[in-house]
Amino acid sequence: MAGIYLHIPYCRQLCYYCDFYRVVSHGDNSLFIEALKKEMTLRKNYLAGSNVSTIYFGGGTPSVLTAEETESVLDHIRNLFRVDSEAEITFEVNPDDVSLKYMKDLHMAGVNRISIGIQSLRDEDLKLMNRRHTAAQAREAIDNILKSGFDNVSADLIYGIPGMDPDNWAANIEETLSFDIRHLSAYHLTIEPGTLFYQMKEKGQLKEVDEDESTAEFNLLLEKTGKAGFINYEISNFGKPGYFSIHNTNYWKQVPYLGLGPSAHSFNGYSRQWNISDVKKYINAVNSGRLIFEKEELDIRTKFNEYVMTSLRTMWGIDLLYVEKIFEKEGYDYVVNLSGKFINYGLMRQDDNNLFLTNQGKMISDNIISEFIMPSPGQLLSP
Ligand code: SF4
C-alpha cells in the first residue's frame with residue numbers, strides 16, 4: 001500500500017498567513033504538467049511496485065488546473081503505477097474556482113474526494129487573511145460540490161484569527177457542519193516567519209489571540225463536532241465514520257508515499273526526501289532528466305521521534321506493542337516512564353496497549369509531544 005501526493009504550486013492570490021511553497025499563477029499550466037509527468041516517469045520505481053491506494057492533489061491551489069489537465073495527470077499515474085480501483089483521490093479546491101460544471105467534470109475525471117478551503121464564513125476574516133473568495137462564494141461552492149455528485153467532502157476552517165471571538169467561531173463551525181460534509185480539518189492560525197502576518201505582528205499591527213481564547217475555541221471545536229457525529233481522529237481532523245482521510249491517515253501510520261512537484265516530500269520507509277522549492281528550477285531539471293532534492297536517511301532515533309510525534313496526535317495513539325517490537329525495550333521503557341506523569345495529571349490515558357492524549361492533553365499537545373522527543377544522538381537509541 002502506498003500514496004501519491006502532487007504539489008500544484010500555483011495560487012491566484014497569496015494569503016497573508018501562508019508559508020507553503022507557492023507562486024502566483026500565470027494561467028498556463030502546460031509546462032508544469034509536462035514536468036510533473038516527466039518526474040513521475042523518472043521516479044516510477046520509487047514505490048517499489050506497491051499498490052497505490054490514495055492520490056492527493058494539494059498545493060498551492062490544485063483548482064487552477066482544468067478537469068482535462070487533472071484527468072491527463074491521473075491517466076499518466078495509472079499508466080505507470082498499480083492504482084487500486086477503489087483508490088481515494090482527493091482534490092483541494094478554492095471556493096472561487098468552483099462551478100457546478102467544473103465539479104462534475106472533476107468527478108468524471110476520477111476524483112472522488114473534494115477538500116474545500118473555506119477557512120471562515122465571515123468576510124472580515126477572509127479579508128484580513130487576503131483570501132480571494134467571499135463567504136457567499138464559499139456557501140455556493142459547497143452547494144455546487146454536493147450537487148455535482150461528491151459524497152466525500154471535506155472543509156478546512158481556521159480558528160484563532162485575530163478579531164474572531166469564540167462566538168463567531170462557534171457560528172462558523174455550526175454553519176459549516178450544517179452542510180452535508182463528512183470531514184472537517186480545523187487549524188489554529190499560526191503566524192510563521194516569512195509571511196506578511198509575521199511582518200505585521202513584528203510592527204505591532206497584528207496581535208495573536210491569547211491562550212484563553214485559543215483554548216475556548218478548541219473546546220468549542222471538540223464540542224460541536226462531537227455533537228454533530230464527527231470523530232476527532234487526529235488533533236486537527238474530524239470525520240464521520242467511514243470518511244476519515246485515508247491519505248493523511250497513511251502518513252500518520254508510516255505508509256510510504258511518493259511526492260511529486262516542487263517542494264513535495266516523499267517517504268519510502270527508510271528515508272525522506274524533498275524536491276527543490278523552486279518551480280522554474282524544478283521544470284528545467286526534470287526536462288533535462290534530473291531531479292533536484294534533498295534527502296535524509298532515517299536512523300532509529302529519528303524513526304522513533306516521528307512515530308511518537310505523529311501517533312500521539314491521533315485517536316490510535318502510541319501502540320506499545322509496536323514500540324516494543326520496533327524500538328525494543330529501550331524505546332518501550334522510555335515511553336512508559338514518561339507517560340506516567342501525564343496520566344497522573346489527566347493529560348493522557350492508557351487503554352490496554354495504547355497511550356492517548358485526553359481532551360485536556362490535546363489542548364497542550366505540542367508541549368506534551370515535545371517531551372517525548374528522544375534526546376540528541378549519543379544518548380538513547382543511538383544508531
Ligand atoms: S493558503 Fe492556499 S490559496 Fe492561500 S496562498 Fe497558501 S496555498 Fe495559496
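This is a predicted model: local features need pLDDT of at least 70, side-chain atom pairs count only at pLDDT 80 or more; totals for chains, interfaces and linings use all residues.
Helices (H or I, at least four residues) and strands (E, at least two) are taken as DSSP runs and numbered from the N terminus. Residue numbers start from 1 along each chain as its sequence is written.

Gly60 is located in the loop between β4 (52-59) and α2 (67-80). The peptide bond leading from Gly59 to Gly60 is cis, with omega near 25°. Both glycines belong to the shell around the ligand, which comprises Cys11, Leu14, Cys15, Cys18, Phe20, Arg22, Gly59, Gly60, Thr61, Asn94 and Gly117; a residue is near a molecule or strand if its C-beta atom, placed from the backbone, lies within 6 Å of it. By class, this shell contains 5 nonpolar, 5 polar and 1 charged residues, where Ala, Val, Leu, Ile, Met, Phe, Trp, Tyr, Cys and Pro count as nonpolar, Asp, Glu, Lys and Arg as charged, and the others, Gly among them, as polar.

Helix α2 packs against helix α3 (residues 100-109) at an angle of about 15°, with the axes 9 Å apart; axes are lines fitted to C-alpha atoms, for helices over the stretch in contact, and angles run from 0 to 180 degrees between N-to-C directions. The two helices α2 and α3 are therefore roughly parallel, given that angles under 35 degrees count as roughly parallel, over 145 as roughly antiparallel, 65 to 115 as roughly perpendicular and the rest as oblique. The contact involves Ala67, Thr70, Glu71 and Leu74 of α2 together with Tyr102, Asp105, Leu106 and Ala109 of α3, contact being defined by C-beta atoms, placed from the backbone, that lie within 7 Å. These residues of α2 and α3 divide into 5 nonpolar, 1 polar and 2 charged.

For helix α6 (residues 166-178) and helix α8 (residues 211-227), the packing angle is about 25° and the axes are 10 Å apart. Accordingly, α6 and α8 are also described as roughly parallel to each other. Pro166, Trp169, Ala170, Ile173, Glu174 and Leu177 of α6 meet Glu213, Ala216, Glu217, Leu220, Leu221 and Lys224 of α8. The contact of α6 with α8 has 8 nonpolar, no polar and 4 charged residues.

Helix α1 (residues 30-42) and helix α10 (residues 279-287) cross at roughly 55°, their axes coming within 9 Å, and α1 is therefore oblique to α10. On α1 the contact is formed by Leu31, Phe32, Ala35, Lys38 and Glu39, and on α10 by Val279, Tyr282, Ile283, Val286 and Asn287. The contact of α1 with α10 comprises 7 nonpolar, 1 polar and 2 charged residues.

An open sheet of 3 strands is arranged in the order β15-β17-β16 with antiparallel pairing, two strands being paired if DSSP finds at least two bridges between them. Its edge strands, β15 (318-319) and β16, each pair on one side only. Strand β15 is joined to β17 by 2 bridges, and Ile318 stands opposite Leu355 in β17. Between β16 (residues 348-351) and β17 (residues 354-357) there are 4 bridges, with Arg349 partnered by Phe356 of β17. The hairpin of β16 and β17 has 2 residues between the strands, and Asp352 adopts a positive phi near 45° there. Elsewhere, Ser263 has a positive phi of about 75° although it is not a glycine; Ser263 lies in the loop between β11 (257-260) and β12 (265-267).

Methods
Two residues are in contact if their C-beta atoms, placed from the backbone, lie within 7 Å.
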